[in-house]
Amino acid sequence: MGKTDLMSAIERHAFSGKLPDDVPYQGIGTASVVQLSSEFNTVGWKIEQTALENEIIPERYTRNRNIISREDQIRLLGSTVSVVGLGGLGGALAGILARGGVGSLRLIDGDRFEESNLNRQLFSTVSDIGKSKAEVAGKCISQINPSVDVSVHDVDMNEKNASELIQGVNVAVDCLDTVDARFVLESAAKAQGIPLVSAAIGGETGHVTTIFPEDSGLITIYGRWKNSGKKEAGRGLGSPPHAVSLVSSLESTEVFKVLLGRTGMLKNQLLILDLNCYTFEIIQL
């Protein structure tokens, strides 16, 4: 079988280079991917996926090598993740997933940026005060990695729309700030057979877990909380930027593990961290 027009075009744009350890490789740059995406009327991640399948490495992913293999990168590019909540945790996490090469991101948040968000929320700037978090995040992601297929949903998730908002994704990510909303998301994820990665932060403490549809899940952490009308205790403890950044990185790690089917994920386990005394503990749920 002859080469496709797309593959022939990718080869024309490819260049020879050397990785930091002097291993030679064939690469393709972001500008070329954007050009080919327009030329072939397709999303950028499909251009990158085709290149990788033919051992041409998108330059932006060369430093993922040895941690994320070529096969892993192809798998990530074909994955879709819903990020529910785009504040401190969700904003940082969405940026990490985009840089890592997750091909499709569904960004969900009906909130607007406030000045108090500036201490920790990655996509917040002074000029964006009052603007939709989802809309701003979508534009930022497109600048970070134009190959990502970004779907923006400027709505608050609730029992009526939760299932639709996460339908068809590979992983749903809980970056919410109320327990009631977490239970709504978990219920929708379980009903659709979708893994859920959940994290929370309060002051310099936080926790992360991964919930599969067959797991007991949030009830083992929060008890019977649904529709309580209560707020999380952590909301009054503050959200310093260093703690938010660390917990979002840990939550991102779990998303990558689930997408790539790796061992060591926090299924039926809760990772609890406290930066006051540098303690990290994993407990069985």
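These notebook entries record what I looked up in a predicted model.

**Basis.** I numbered residues from 1 along each chain as its sequence is written. In this predicted model, local features need pLDDT of at least 70 and side-chain atom pairs count only at pLDDT 80 or more, while totals for chains, interfaces and linings use all residues; side-chain values use heavy atoms, with hydrogens and water left out.

**Sheet.** I found an open sheet of three strands in the order β1-β2-β3, with mixed pairing. Strands are DSSP runs (E, at least two residues), as helices are (H or I, at least four), numbered from the N terminus; two strands pair if DSSP finds at least two bridges between them. Ile28 has Pro58 of β3 as its bridge partner.

**Cysteines.** I looked for disulfides (a pair of cysteine sulfur atoms within 2.5 Å) and found zero. Cys140 is in none; the nearest cysteine sulfur, that of Cys175, lies 16 Å away. I also checked exposure (buried under 20% relative accessible area, exposed over 50%, partly exposed in between; 1.4 Å probe, protein chains only). Cys140 is partly exposed because its relative accessibility is 25%. Cys277 is also partly exposed, at 47%.

**Lining classes.** I recorded eight nonpolar, four polar and two charged residues in the lining of the second largest pocket. Nonpolar covers Ala, Val, Leu, Ile, Met, Phe, Trp, Tyr, Cys and Pro; charged covers Asp, Glu, Lys and Arg; the others, Gly among them, are polar.
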